[in-house]
Structures are given as C-alpha cells and as structure tokens.
Amino acid sequence: MLELLVGIVTQGCIYALLSYGIYITYRILDFPDLTVDGSFPLGAAVTAVLITNGCNPYLTLLAAIAVGALAGLATGLIHVRVGVRDLLAGIITMTALFSINLQIAGSNLPVERTFDTIFTAAPTMALLGGVSLLARKLILSALLALLCKALLDLYLRTKNGLLLRATGDNAALVTTLARDKGSMKILGLVIANSLVALSGCIVCQEQRAFSATMGTGQMIFGLAAVIIGGTIFKKFSVVRGTTAALIGSILYKGCITAAISLGLPANFLKLITAVLFLVVLMLGNFRRKGEKRHAGA
Amino acid sequence: MKKLSKIACLVLASVTALSLSACGKKAVPVIGINQYGEHASLDNCRKGFLQGLTDAGLVEGTDYTVDYQNAGFDDAVATQIAQSFSAKNVAMMCAIATPSATACYAEAENKDIPVIFTAITDPVSSGLTGGNITGTSDKLPVEAQLDLIRKLQPDAKSIGILYTTSESNSVSAIAEYEAKAGDYGFTIESVGVTAQSEVTQAADTLIKKGVDCFSNLTDNNVVGVLASVLEKTDEAGIPVYGSEVEQVKLGCVAAAGIDYFKLGQQTGAIAAKVLRGEAKASAIPFETISEYGIYVNSKAIAKMGITVPDDVAAKAVEASEA
C-alpha cells in the first residue's frame, strides 16, 4: 500500500513539471498551448539520445530545458510574429515536432540498464545509495518538483513575472507600461515548454525509453491536473497556482492507480478514472458551498 | 485548513480501501498481465498465455491468480499499471506488446520481478534483454509471405505496405521487406503514417499508385482499422495479404503468418517454468516461433479471382469467418 502511494506521488511529481507549464500557458497567459504534446516527447528524445551516447544524465536535464525552450519559442514566434491563432500555432509546432522527435531518436529508443540515469548515477548513489530505487525515484522527483515550483514562484513575484501575469489578465496594462505583450507571451511559452520538456526528460529516465507516441494526450493531462488542483483550492487564496498544479497532478495519477487497483474489467479503466475525477471535483465543490454559508452567517 | 485535511484524508482513505480490496489472497502468486490495448491478436496472446499455463499443469486459483489490466494504447497508463504491479509485489509480470514490456521492465528493476513478454518483434533493439526478462518474439516470416504472394499472383510487380513510422517493429519489417522483395521480383511501395486516423488516407494513396496487392504487417495502428482499409481495397479490386490468422478472418485473402494464440501458449510454457522456480527468466533466452501457418480466406480469394496452386492449397488452413 505504501509503495502504491510512493508510486503515485513519484508520477505526480514528475508530471507536475508539465502541469506547471500548462499552468503558465493556460492559467496565466490564457493560451491553450498544444505544443506540449510535442515538446514533452522532445525532451525525452533528446535525453534518450544523449544518455545512450554516454552523456552525463544530469546534463540531459539542461539539454531538455534548452530544446523545450526552442519549441516554445517556435510556437511563440508563429503566433506573435506570423499572426497564426494560438491553438493553431501550437498544433503546427506539435505536428512538426513529431517528425523532428523521430529524426532525433531514429525510432523508439530504449535506454538500457547499462546506462546510468539520474536515479542510478554515481553522485545520486553517493548521497542516496542506502535506499531502494523506488525511494530514490521519489526523492529526486519530489526535489525537482519542489525546486521548480520554488523558482517559478520566485520568478512570478519579480517585476518581469508580474508583467507576464498582466499579459494574460490585462494585456492593455502591459502596453501602457510601454512593454511588448507579444514578447511576454513568447517568454511565457518558452518557460512553459522548458518545464514540459524537462518533465519528458525525467519520464524518459524513469521509464528508460523514448516512444514517439508518449506525448499524446499530455496537454489534456496537464489541463485536468491544473483544473482539478485549482477547483479544490479555489477558496484558499494563500495556496499558489503552482501548488494547486502539483496537488492536482498527484490526484490525477492517484485516480488512475485507484482505478487500476479496483480490479474491475480492464476496459472500464478510463470510465472509472473519469468517475474518480468527478468525485474529486465534487468534493471540492461541496466544501466550497459549505464555506460560503459559513461566510454568510 | 481543517476541512482541507479532511478531504485529503477522505481521498487517501478511499484510495487505500480500493487498493486493499484488490490485494486479497496473499499466499497464491499473482501474475500481473499488462496488455497494451485490446485487439484480436493481443487478446489471442493473452488467451494463449493462460492456456499455456494450464497446459503446464498449473491451476488458476491454487497455483496462481491473474491480475489483468490493459492500458488502452496509452503509454503513461501502461507505466502506472506496471508500477501498481510492482507495488503489489506480483510474482511475475506478463507484458503483451512493446510499450507494456518497456514499462514493466522499468518498474520491475527495483525488485527484480521476472518479466515475461510476448508479441514483440525485436526484443534486442527494444532493450528487453539482459536482465530478469524473457519471452517470445512475433517476428514476421517475411520470405514466406513474399513466396506466398508470388505463388498466388504470378504477375504481380509491386506490393503496397502501410505502417506507423513510430512503431519500431514495423520499421524493421519494412526494411526486411525491401531487402528481400527483389529476390522474388517485387518492388515495395510503403506509406508511413503517424496516427490511426491517417491510415485510410494512406491506403488511398497506395491504391492510386496502382500497387498489385497490399501486404499487411502487425502494425497496431493499421490492424486497428484494417476493416476500413479492406473496404477500400475490395472496391479497388486489390488483394490484401495479412500477417496472421485474425487478419485473414477479417477479409485478407491469405497470410503466411503466426498464430498469436500459439505464440501465447509458448509464452505461457516459459512462464510456468519461471513460476515453478525451474529456471530464472534471466537464464532463458527469448524464443521466436519457427513454424508459421498458411491461412486463406476462400471467400476473399474468390472475390479477387485468384487461383490457389495445389501445393499452397495443401498446406493452407481455411480462416474465413463462418
């Protein structure tokens, strides 16, 4: 049972990086960014190729961030400079990335056990060698999720971060401040897709494989995680959006594992997952109604 | 924050309850089956696998129990299924199709749970060798297929093949087709797709190119919509050759291919050895089916006006749906 929870939290933390990205584009910029379905496997493809060529697994984190930034930049330029609609700009980049990812990795690419990942490399073993692989995966992914969250929270409070938030809420304000809202959008997409690609990088190391289809549906996952988290914490203004995205992503993964564990016929998996989502969202809503009454009294 | 923690507790408690309910009998070893998705070939693999265990004298309920999950062709779900198997300490994971095997092998790493795979074309290039893992490969008998097509269509010049560019199984099969087609006097026209929704368009492209026949691989995306491909080719009067018995049942004219049920049985036999402790999975090399069957669908053959030579007819098994 404990292990099941460890698995859920590990997956939730790894995919939380992706959720942060969606939080930036969807919640802050109000930009439905489909680039995600391409930039997620892009991070994985680059990681798989680098590791199988003997690159230090820690360096692949930086490489994934860099290529993710490029993907975000592409969507941003297509949208802002070429003037393509937001959804379509993402679709164009995502479609192109499918071929690019296959070109980078050759085909679906396994990372065999002879190659070290961040979970097995020497520095990790020196620090965490005493605990099982499962625990190392949990600790490292939780650390990464919290570190990225802290950095993102810090950034959003800087002047530049405030401008980014204004771009989605009140673009006119950005213009009156003599700043270019287009550049802010591009910056947001760059940050978001760096996080998404970083998530793909960790998934690749955890799964020891890149598959061209691994990006399918990731945008939907991220949206669901951000919305689930956001709904549950709507009343708590102290809870940051990034925290909500993190919790939402753990809950999402929890629902899937719960559905798997129910032992119902295998084809019911998605239906059960959907029902569990609904239950989680309803719990959030019920609580909110209660609070309102409380506040009114 | 009190209410918040209450909700957190509720969710945790329900997850706990759900998971515990699935754990159950501890004494009997559990085989976790992680199947990538449901289509006839993969289902036959699973059924054959269970039959193979029974043939080896193991009885479900006393010797083992089965926890069967399918990922609905979703890689992330395949991962979570493997993870939950590992958390429940299953005695063995059976992985059907490559993405499931990759997921099981990664999640079993921590505990060295044996992984038995099936329906994988190239276990070596998929990185599924070397550890506590073994199973069976469904590599296609390409030369037998080319030979069969030559016998049924002596005048044919080109063979059209649809495949998914991201399925490494298909890519390696195409390479083998291209390498050997010349020996039988064929040229290969292949069209790659990236998603299932593109398959019928790709079929139109091949039909327009005027290929003499189609040869079908075990490509998951293409097999999934084979019926609609067959509709188009029937209209155009182009015969389609399958790669296994289910495809012939669906309306392909013939196939030199594997029987996935038999492949599953062979896999079940390996699993029984491991389960009994007779051998470790790491010590058993993966197996490839050496025998293949010739399957024909006489209704489809009649429709295409093909005559089956006697030597083929003697070996062939009728596989049309009654």
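**Entry 1: confidence**

Two residues are in contact if their C-beta atoms, placed from the backbone, lie within 7 Å. Where pLDDT is low, the predicted coordinates should not be read in detail. Chain A as a whole averages a pLDDT of 90, and 95% of the residues score at least 70.

I noted the ground rules. This is a predicted model, in which local features need pLDDT of at least 70 and side-chain atom pairs count only at pLDDT 80 or more, while totals for chains, interfaces and linings use all residues. Residues are numbered from 1 along each chain as its sequence is written, and chains are lettered from A and ligands numbered from 1 in the order in which they are written.

**Entry 2: chain B overall**

I looked up the elements of chain B and found 13 helices and 13 strands. Helices (H or I, at least four residues) and strands (E, at least two) are DSSP runs, numbered from the N terminus. The radius of gyration of chain B, taken over C-alpha atoms, is 22 Å.

Buried residues make up 51% of chain B. A residue is buried if 20 or more other C-beta atoms lie within 10 Å of its own, exposed if 12 or fewer, and partly exposed in between.

**Entry 3: the cores**

Next came the largest nonpolar core, with 143 residues. A nonpolar core is a set of buried Ala, Val, Leu, Ile, Met, Phe, Trp, Tyr and Cys residues joined through C-beta atoms within 7 Å. Leu17(A), Met92(B), Met93(B), Cys94(B), Val115(B) and Ala271(B) touch the most other members. Helix 9 (residues 181-207) of chain A gives the largest share of this core, 15 residues. Apart from this core lies another, of 44 residues, including Leu152(B) and Tyr177(B).

I then picked Ala95(B), which sits in strand 3 (residues 92-96) of chain B. Why is Ala95(B) buried? It has 31 other C-beta atoms within 10 Å. Among the residues that Ala95(B) touches are Asn34(B), Val115(B) and Phe117(B). Val115(B) in turn touches Met93(B), Tyr105(B) and Ala281(B), among others.

**Entry 4: strand 12 of chain B**

I checked which way the residues of strand 12 (293-296) point. Gly293(B) and Tyr295(B) point one way, Ile294(B) and Val296(B) the other, and all are buried. In a regular strand the side chains alternate between the two faces of the sheet.

Two strands pair if DSSP finds at least two bridges between them. Strand 12 pairs with strand 10 (residues 254-258) of chain B in the antiparallel sense over 4 bridges. There Gly257(B) stands opposite Gly293(B). Strand 12 also runs parallel to strand 13 (residues 317-318), joined by 2 bridges. Here Tyr295(B) stands opposite Val317(B).

**Entry 5: where the chains meet**

I found 40 residues of chain B in contact with 41 residues of chain A. Which element of chain B gives the most to this side? Helix 1 does, with 11 residues.

How values were computed: pLDDT is the predictor's confidence in each residue, from 0 to 100. The radius of gyration is taken over C-alpha atoms; the globule rule is 2.2 Å times the number of residues to the power 0.38. Lists of a residue's contacts leave out its neighbours within four places in sequence.
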